[in-house]
Amino acid sequence: MKKKLLFVITLFLSLVSFSGFAQNKTVTGTVNDEQAIPLPGVNVIVANTSRGTQTDFDGNYSIDVAEGEVLTFTYVGYTTETVTVGAEDVINITLQEDAAQLDEVVVVGYGTQSKRTLTDNVAKLTSEDIEEVPVPSIQSTIAGKAAGVQISPTNGKVEGGVNIRIRGIASIGAGSEPLYVLDGVPLINNNESNNGSPTNPLLTLSANEIASIDILKDASAAAVYGSRGANGVVIITTKSGANRPATFSLNYSYGVSEPTNLREWLNADEYIELFTEAAINTFGEEEGVPYIEGIFDFLSNDTDWRDREVDTDWQDLALGSGHVQDATLSMSGGNEKTTYFFSGAYNDTEGIVRGNELERINGRVNVTHNFNEKFRAGMNLSFSRTDIDRIANDNAFVTPLQAIAQPAISPAYLENGDPNPNTLYPNFLLQDKHAFYNTVIRRVLGRAFGEYQILDFLKFNSDFGYDLYYQNEDSYTGRLAPFQSTNGEAYASSVNTESYVTSNYFTFSKNFNEIHDLEMVAGMEYNEFNRRFQDVSGIQFPTDDFQTIDSAAEITGGSGSESANSFLSYFARVTYNLYDKYLFKASIRRDGSSRFGEDVRYGTFPAISAGWILSEEEFLSNSEVISFLKLRASYGEAGNANIGDFAALGLFGGISYNQRPGIAPIQAANPLLTWESVKQTDIGLEYGFLDNRISGEIDYYIKESDGLIFQQPLPGTSGQPSITRNIGVLENKGIEFVVNTKNIQTDHFTWNTNFNISKNDNEVKELPNGEDVINGQTILREGEPLSAFYLREYAGVDPENGDALYFVNAEDGDPNETTNDPNAANRVILGQPYAEWIAGLTNTVYYKGIDLGFTFVGEWGASIYNGGGIYQSANADFFDNQSADQLDRWQEPGDITNVPQARLFGGNGTATSSRYLQESDFIRLRNLTLGYTLPEDFTDQIGLEKFRVYFTGINLLTITDYDGYDPESTSDAGQGVGVTFYSAPAVRTMSLGFNINF
Amino acid sequence: MKKIFNSIFGLFIILAFSGCDDKLDIEPRQSISVSTAISTGENVKNILIGVYNETGQSASYGGYFQLLSDLYGFTTEATWGGTFQAPRQVFNKEIFIDNGFVRDLWLNAYEAINQANLVLDYSDLVEEEDRDRVMGEAYFLRALNYFDLNRLYSNGDMGVPLTLTGIIDYSQNLEIPRASTSEVYNQVISDLEMAYELLPEDNGFFADKYAAQGLLARVHLQLGNYAQARDAADDVIQNSGHSLTASYEAAFNNDVNSSEDVFAFQVTTQDGSNVLVTHYADQSVGGRGGDVTVNPSYLARFGEDDARGSFFYTSAQNEGTLTGKYTNQFGNISLIRLAEMYLIRAEANLREGTTVGATPLEDINKIRNRAGAEALSSVSIEDVLNERDLELMFEGFLIFDYKRTGRNVGDLPANSNKLSFPIPQRELDANSLLEQNPGYETT
C-alpha cells in the first residue's frame with residue numbers, strides 16, 4: 001500500500017512536463033489587505049501566460065518574470081490589481097476589499113482553502129474576535145462567536161477546565177474535547193491535576209499571539225485528522241511577520257472581578273429560628289429545646305448567640321473580588337526574504353475565590369526565511385510559565401465555598417484574629433492560612449518546517465513539531481490546618497509529557513485553462529506521545545518553616561510511572577473546482593494507534609463533499625438581490641481515539657500490604673476495544689444578499705457516533721465494577737443558522753451584526769440488548785438524550801403533615817400517586833445536562849474612532865442537579881446553614897409549600913430527587929468592549945502609529961431563572977455531568993486598557 | 001545546492017513512507033497482563049497479598065464494615081453526628097437503596113472474593129511447600145468476606161450471590177442470582193474448615209489456622225451452633241499461643257499486632273487504611289472531630305474501676321465523648337481479639353450447660369479482671385451479652401449480637417426488614433437476576 005502510493009506520486013511527478021519560461025528576473029513581494037494583514041493564497045499571474053504562483057501563508061510570493069510583463073493579483077473577496085513589471089525586484093501590493101465578493105481563507109489542515117469554494121463547514125475566528133477578552137483561558141474567548149460551538153467553563157476558578165462541545169456531545173467515555181492543533185502540532189490536552197479538580201492544559205496559551213482559530217465542525221473537514229477528528233478540530237494559527245518595517249505593539253489592561261451571583265443564606269436570627277423549630281419537631285419541646293441550645297452554644301464558640309453577638313457572612317469570606325492584569329508587547333516585520341514575529345506576554349489573574357491565583361509569562365518567536373525561490377523554512381517557538389495557587393476541589397471540606405455550610409452564629413475568627421478552629425465544619429480560613437497547593441506548568445511548543453517548491457504546481461512540506469508539558473505540584477499542609485495530625489504533610493509531583501509529530505506531504509495545485517482548478521495533497525504523519533510521572537509525600541516536619549519533602553522525617557508514599565502512545569497515519573485529499581462554481585472534494589486518512597488491540601489497530605476514514613455556487617450561474621449572476629449563493633453537502637467519517645493508553649488490555653497492577661508487594665486486577669480485558677467512529681452528513685447553504693450586506697449560512701447535520709466507548713457497569717459479583725466497551729450508537733442532529741449583516745457602512749460609521757443560533761438534538765439510538773445503563777443520577781436509555789437525569793420525581797409537600805412526597809411513577813400506576821417513602825418511588829427521566837439551543841449575538845460598531853463590540857450568548861434546554869442540595873436546602877435536616885428559601889417550610893396543616901416540615905435528622909425530603917434539579921437556561925452579556933482611538937494626526941505628532949484606550953468586561957449581565965450560583969458553574973470534583981456541588985459562580989470582570997502601536 | 005536539496009528531499013520521502021508499524025507496539029510499564037498474572041506461582045502468591053490489601057480497604061475492614069455494623073445497632077449507646085448522609089441513614093435504620101457505603105462494601109467484598117477465587121483456581125502453580133498455606137489463606141479471606149456480606153445483606157433465606165470461580169473473561173454472561181442464606185453460610189464454614197486444615201500454626205501477621213478457627217467460632221456463634229462455637233473458641237484459647245494484653249488499652253492502636261490479636265488488618269503510613277480513626281477520632285489524631293459520640297447511658301454501664309469505662313476522651317471539635325479505641329491513624333485494625341474467644345466460650349458453655357476449658361464465670365471474670373472491673377459472682381446469658389457490649393463496642397459486633405439473640409433494636413424487632421441492608425441499586429441495575437430484599441422494593 002505504502003509502496004504503491006509512493007509509486008503513484010513519482011509517476012505523477014514524471015508525467016507532468018515542465019513548461020518553458022522566457023523570464024529573466026525574479027520579483028518578490030508581499031500582498032496585504034488594507035489593514036496590513038498579509039493575504040495568503042493570492043493568485044499572482046503573469047498576464048496572457050500560463051505562469052503564475054500563489055502567496056504563501058504570510059502573504060509572500062516570488063515569481064520569475066521579464067520586464068514589461070504585467071502581473072495580476074487576484075483574490076476572491078478583493079479587487080484585482082495589475083502591475084507592469086519595471087526595474088524593481090520587489091513589488092508589494094495592497095488589495096482592496098471588494099464588498100461585492102465574499103471570502104476569507106480558512107485553515108483546513110495540511111493547507112488552506114478559500115471560504116468561497118469550501119465545501120465543508122468551518123467557522124473562522126480572527127485575533128480581533130479573541131483579543132482583549134479578560135479571561136485567562138483561550139477557549140473562553142470563543143464563546144458565542146461560532147454557531148454550534150458550546151463553550152462551558154466548569155466554574156469560577158481561574159484554572160478551571162473548559163468544555164468545548166462542537167455540534168453536541170458525540171461521546172460518553174472517550175472524551176468530547178475536540179483535537180487542538182497549533183501551527184500543525186496536535187496539542188497535549190490532558191488534565192494533569194492531582195488535587196481532584198482539573199486544570200485546563202490550554203491555560204498556557206496567550207490569546208495575544210494567536211492570529212486565527214478555525215473550527216472544523218463537519219466530518220468532511222475533520223476527517224483529514226482521522227481517528228482524532230470525531231469531536232471536531234480546532235486549528236490555531238499563531239501570528240507571523242510580514243514584509244514591512246518593524247512595528248511594535250503594546251497592550252495593557254487591568255480589571256477587577258467579582259462573582260456573577262451570590263446566594264441568600266440564613267442569618268443568625270433565621271438560623272436559630274429554623275433549627276429550634278426543627279429540633280422541636282424531632283425531639284419534642286422538652287427535649288428538643290435544651291438539645292438545640294446546647295448545639296448553639298457549641299456552634300457559637302462561647303459567644304452570646306442569644307444576643308446574636310455573631311452573624312458571620314461565610315459566603316462573603318469565601319468569595320471576594322479579584323483582578324486581572326494583562327500586558328503584551330510584540331514586534332513584527334520583515335523583508336522580502338525573512339519575516340519575523342516576536343511577542344512576550346504577562347498575565348496575572350486573582351480569582352474570586354479566596355486563595356486562587358494565576359500568573360503567566362509567555363514568549364514566542366516565529367521566523368520564516370526564503371532561501372531561494374524554491375525553498376523556504378522557518379521555525380515557530382514558544383515557551384510559557386504558568387504559576388497557579390490552587391484551592392481544594394469542590395468536594396473537599398476545606399475548599400472555600402463549602403464555608404457556606406457554616407452557620408451564621410459561628411465566628412470566623414477568634415478574638416486574637418486567628419481563624420476559629422471550633423466550627424461545625426473545618427474552617428477553610430485555617431487551610432487558607434496554614435496550607436498551600438501550588439502548580440507550575442512550563443510548556444515549550446515549537447515547530448520547524450520546510451517547504452520546497454519542486455515545480456510551479458508541486459510543493460513538498462515537511463514539519464517537525466514538539467510539545468513539552470512539564471508540570472510541578474507542591475503542597476504543604478501545616479500543623480494548624482484542619483485534619484492535620486502528622487506534624488505537617490507535604491506532597492510534590494512532577495509530570496512531563498511530550499508529544500512530537502512529524503508530517504510530510506506533497507501539494508499539487510494547478511489551474512487548467514481557467515476552467516479546472518485542481519489541488520491534491522498526500523502525505524504521512526507520525527505522532528508519539530510519552531508521559532512520565534513521579535510523586536512523593538511525606539509527614540513529620542520539624543516545624544512549619546520546613547515545607548519541602550527533604551525535611552519530612554517520614555516518607556509515606558511515592559510513585560513513578562510511564563506511559564506512551566503513538567499514531568501512524570497516511571492521508572490524501574483532492575479538491576477540484578470546475579468553472580469556479582462546481583466544487584468537489586474528497587479525502588481519506590488511514591490511522592493506526594497503539595491504543596487499540598492488535599486486530600483492530602487500523603482504521604480508514606474517508607470523506608467526500610461537493611458544492612455548487614449558484615450565484616455564478618447565468619440565471620442568478622445579474623440578480624440585484626442575490627449576490628452570493630452556494631449549496632454544499634458533505635459526508636465523512638472520523639474517529640475518537642481519546643481513551644486510556646492501554647484500555648483494551650486486561651491488567652494487574654502492583655499493590656502493597658504491610659509493605660509486602662503484591663498484585664491486583666485493575667482492568668477487565670476487552671480485546672475488541674476500538675475507536676468510536678463518527679459519521680456525519682452535512683447540508684449547507686451559504687448566502688449573500690444586497691451586495692453581501694446580508695450574508696450567512698444555514699446548515700443541517702446528522703452526526704452518528706457508533707461504537708461508543710463507555711465504562712459499562714458490571715455486576716459487582718464479577719470482581720470488577722466496570723469494563724470499557726464500544727457499546728452503542730448515539731445521534732446528534734441539528735441545524736445551525738448564521739447571519740451577518742452590515743447595517744451601516746459609511747466612511748465614519750460602520751455597524752456590523754453577527755447572529756448565530758443552533759439547535760442540537762441528542763439521542764441514544766442503540767445500547768447492547770437495548771438495556772439501560774444507569775450511572776449515578778444519569779441514565780443511558782434508547783430513545784432518550786445522552787446522560788439524561790434519572791431521578792425520583794419530587795412531588796412537593798403533604799399539606800396535612802409536612803412530609804416530603806415523591807411520585808411513585810409505577811409503570812402502569814396512577815401518574816398522580818405519591819409516597820413519602822423515597823425507596824418506593826421509581827426513578828424517571830427528568831431533563832438533560834446538555835443544552836439544546838445555543839445562540840450568540842455580536843455587534844461591532846465603529847464611529848469616528850470609537851469602537852464598540854458586544855457579544856450575548858444564550859443557552860436553553862439543560863438542567864443542573866445540585867448535589868449539595870441535600871445539605872444546603874434540606875429544611876434543617878442537619879446543622880448546615882440553609883438557603884434562605886428554606887424559611888418557607890411547612891409549619892401547620894394546610895400550609896401549601898414546596899419545603900417540607902423542618903425535622904432535624906429527619907431525612908424529610910433529602911433523598912436524591914428532582915427537588916434539587918433545575919433548568920439552567922440563560923442569556924448573558926458575555927463580553928463588551930468600548931474603545932477610543934486617538935485621531936491619527938495627533939498620534940503622528942507624538943510619534944505613535946496608533947493609540948487606543950478601551951473598557952472591556954465579561955459576564956456583565958446575566959438573565960436567568962436558575963436559583964443556584966450560576967448556570968455555568970458545575971462541580972470540578974468528578975461528580976457527574978450536570979452536577980453542581982459548592983461550585984464557584986462564574987466571574988464578572990471589568991477592565992480598562994490601552995493599545996499602542998509604534 | 002540543488003543536489004543537496006534533492007538528496008534531503010529524497011531522504012524525507014524514504015523516512016516518510018518507510019514502515020514504522022512496530023512503533024505502534026507499546027506495552028504498559030507499570031502493569032502486567034492477566035495472562036502473565038496467572039502464569040506463575042510467584043504471581044499467584046502476589047495475588048494473595050492483593051486479597052489482603054483488598055479486604056483491608058476502607059470500604060470493608062479498613063473500617064466501614066465495622067462502623068456500619070455498629071451504627072446499625074446504635075440506639076442509646078452512641079450517636080452519629082457526622083455530615084455524611086450514608087452512615088446517617090444506617091444509624092437511622094432508614095437506608096436508601098442508592099446508599100454509597102452500602103454499595104461500596106458490596107463491591108469491595110466481591111472484588112476480594114474474586115481475587116481469592118483466582119488464587120484458589122491457579123494454586124496448582126504454587127510450589128508444593130507453599131501451596132497449602134496459600135490456599136488456606138485464600139479460603140480464610142473468602143470466608144470472611146462472604147460471612148459478613150451474608151450477615152448484612154441477607155434477609156430470611158435470601159442470601160447473597162455465591163461465586164466460587166475466579167473471573168478473567170469479562171465477555172461472558174456475568175449475571176448470577178442470589179443463593180440461599182444457608183448455602184452461603186455452609187460455604188463459609190467449609191472454607192474455614194479447609195483453611196484450618198491447610199494453614200500453619202503460625203503465619204506471622206497473615207492468617208494462620210487459629211485465625212480460621214477464631215472466625216469459625218464467630219460464625220458458629222452467629223448461627224447458634226454453640227457446641228461448635230465453644231470448641232473452636234476453646235481451641236484458639238488453648239493452642240494459639242495468644243494471650244490477653246496486660247492492660248485493656250494495650251489491645252488497641254498498635255503499629256504491630258499485640259499478643260491478643262488472633263488476626264488484624266495491617267496499616268502502615270504507606271499502605272492500608274483505617275477509617276475508624278476518621279470517624280471515631282478527634283482531629284488532633286487524624287479524625288474528623290468525632291462523627292460518632294458516645295452517650296452517657298452507655299458510659300453509665302461501666303463499673304467504677306473498669307478501665308474500659310474510662311477509655312474515652314472529649315473531642316476538641318464537638319465536645320462529645322469519643323472512644324479511645326481509635327487514636328492511631330496508622331494503627332492496625334484488630335479483626336479477632338482473644339478476648340472475643342473468651343466471651344464466645346463463656347456464652348456457648350453457658351447455653352450448652354458445659355464448662356469446656358473453663359467455667360463461664362471464670363471466662364467472664366478473666367475479661368473483667370484484665371480491665372480492672374469488679375469480678376462477678378455469678379453469670380447469666382444477659383451478663384455475657386452485657387459483657388460483650390462493654391468489651392467489644394465500636395468493633396463491629398453490635399447489630400449482629402442484637403439480631404442473633406432476637407433482641408429489639410430500639411423499636412425495631414430483630415427480624416425487621418429494616419435491619420437487613422438493601423441490595424445496592426447499582427447492582428440491581430447491572431444484574432437482572434437479583435431480587436431486592438423485602439422492604440426495599442420500588443412499587
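Let's start with a sheet in chain A: four strands, in the order β3-β2-β5-β6, form an open sheet with antiparallel pairing. A strand here is a DSSP run of E with at least two residues, a helix is a run of H or I with at least four, and both are numbered from the N terminus. Two strands count as paired if DSSP finds at least two bridges between them. At the edges sit β3 (52-54) and β6 (81-84) of chain A, each pairing on one side only. On average, neighbouring strands of this sheet are turned by 20° against each other, direction ignored. Inside the sheet, β2 (residues 43-46) and β5 (residues 70-74) of chain A are joined by four bridges, and Val44(A) has Phe73(A) as its bridge partner.

A quick word on what you are looking at: this is a predicted model, where local features need pLDDT of at least 70 and side-chain atom pairs count only at pLDDT 80 or more, while totals for chains, interfaces and linings use all residues. Residues are numbered from 1 along each chain as its sequence is written, with chains lettered from A and ligands numbered from 1 in the order in which they are written.

Now, where do the two chains meet? The contact takes 73 residues from chain B and 76 residues from chain A, counting residues whose C-beta atoms, placed from the backbone, lie within 7 Å. On the chain B side, α3(B) gives the most, with eight residues.

Staying in chain B, is helix α4 (residues 64-73) mostly covered or open? Mostly covered, as ten of its ten residues are buried, meaning that 20 or more other C-beta atoms, placed from the backbone, lie within 10 Å of a residue's own. Among them are Tyr64(B), Phe65(B) and Gly73(B). The cover includes β2 (78-80), α7 (128-153) and α16 (398-405) of chain B.

Last stop, a helix pair. α10 (residues 226-239) and α13 (residues 338-352) of chain B pack at an angle of about 140°, with axes 8 Å apart. Axes are lines fitted to C-alpha atoms, for helices over the stretch in contact, and angles run from 0 to 180 degrees between N-to-C directions. Residues making this contact include Tyr226(B) and Ala233(B) of α10(B), and Met341(B) and Arg345(B) of α13(B).

Definitions and conventions: Two residues are in contact if their C-beta atoms, placed from the backbone, lie within 7 Å. A residue is buried if 20 or more other C-beta atoms lie within 10 Å of its own, exposed if 12 or fewer, and partly exposed in between; C-beta atoms are placed from the backbone.
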